[in-house]
Amino acid sequence: TAAAPEAAAVIQVGARDEKSGNWELILEVTGLPKLSGDRYYALWLEKDGEYGAPCGSFNVGEGTTTVRWSVSYRLSQYDAWVISEHDEDAEPQLLRADVA
């Protein structure tokens, strides 16, 4: 997005664990600035243009940052993946991609 023109990310969705129902997520992100203090980024799912569900939070270092989580959401119920700096409004969106 215009808020983070140098940033890029790849989200890999693993197989669903039949016992827990969770999906493994692997996020690789580059180009976001390191945040100071207690500030951090959030990966979340969007539904109909609004905040839908949290996936996890993270900070970045030099180069590529890789983060792993698992989530139990039905991903097909959401429209987009979004990365923003964590705050109450989840704005501005720094990276956004349609859920495929």
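User: Which residue in S2 is the bridge partner of Val-10?
Analyst: Glu-28 is the bridge partner of Val-10. Keep in mind that this is a predicted model.
User: How do S1 and S2 pair, and over how many bridges?
Analyst: They pair in the antiparallel sense, over seven bridges. S2 covers residues 23–30.
User: And what sits between the strands in the hairpin of S1 and S2?
Analyst: Six residues lie between the two strands of that hairpin. In this hairpin, Gly-21 takes a positive phi near 85 degrees.
User: What is the strand order in the open sheet of three strands?
Analyst: The order is S1-S2-S5, and the pairing is antiparallel. S1 and S5 (65–71) are the edge strands, each pairing on one side only. On average, neighbouring strands of this sheet are turned by 20 degrees against each other, with direction ignored.
User: What holds strands of a sheet together in general?
Analyst: Strands of a sheet pair through backbone hydrogen bonds, in either a parallel or an antiparallel way.
User: Back to this one. How many bridges are there between S2 and S5?
Analyst: There are seven bridges between S2 and S5, again in the antiparallel sense. Within S5, Ser-70 stands opposite Glu-24.
User: New topic: how many helices and strands does the chain have?
Analyst: The chain has zero helices and seven strands. Along the sequence the pattern therefore reads β-β-β-β-β-β-β, and the radius of gyration is 13 Å, close to the 13 Å that the globule rule gives for 100 residues, so the chain is as compact as a globular protein of that length.
User: What does the C-alpha trace span along its principal axes?
Analyst: About 40 × 30 × 25 Å.
User: How much of the chain is buried?
Analyst: Buried residues account for 36% of the 100 residues in the chain.
User: How many residues of the lining are nonpolar, polar or charged?
Analyst: The lining has 11 nonpolar residues, no polar ones and two charged ones.

Methods:
Residues numbered from 1 in each chain as written. Predicted model: local features only at pLDDT ≥ 70, side-chain atom pairs only at ≥ 80, totals over all residues. Heavy atoms only, no water. Nonpolar A, V, L, I, M, F, W, Y, C, P; charged D, E, K, R; others polar. Pairing = 2+ DSSP bridges. Helix = DSSP H or I, 4+ residues; strand = E, 2+ residues; numbered from the N terminus. Axes fitted to C-alpha atoms, helices over the stretch in contact; angles between N-to-C directions. Rg over C-alpha atoms; globule rule 2.2 N^0.38 Å. Buried < 20%, exposed > 50% of the residue type's maximum accessible area, 1.4 Å probe, protein only.
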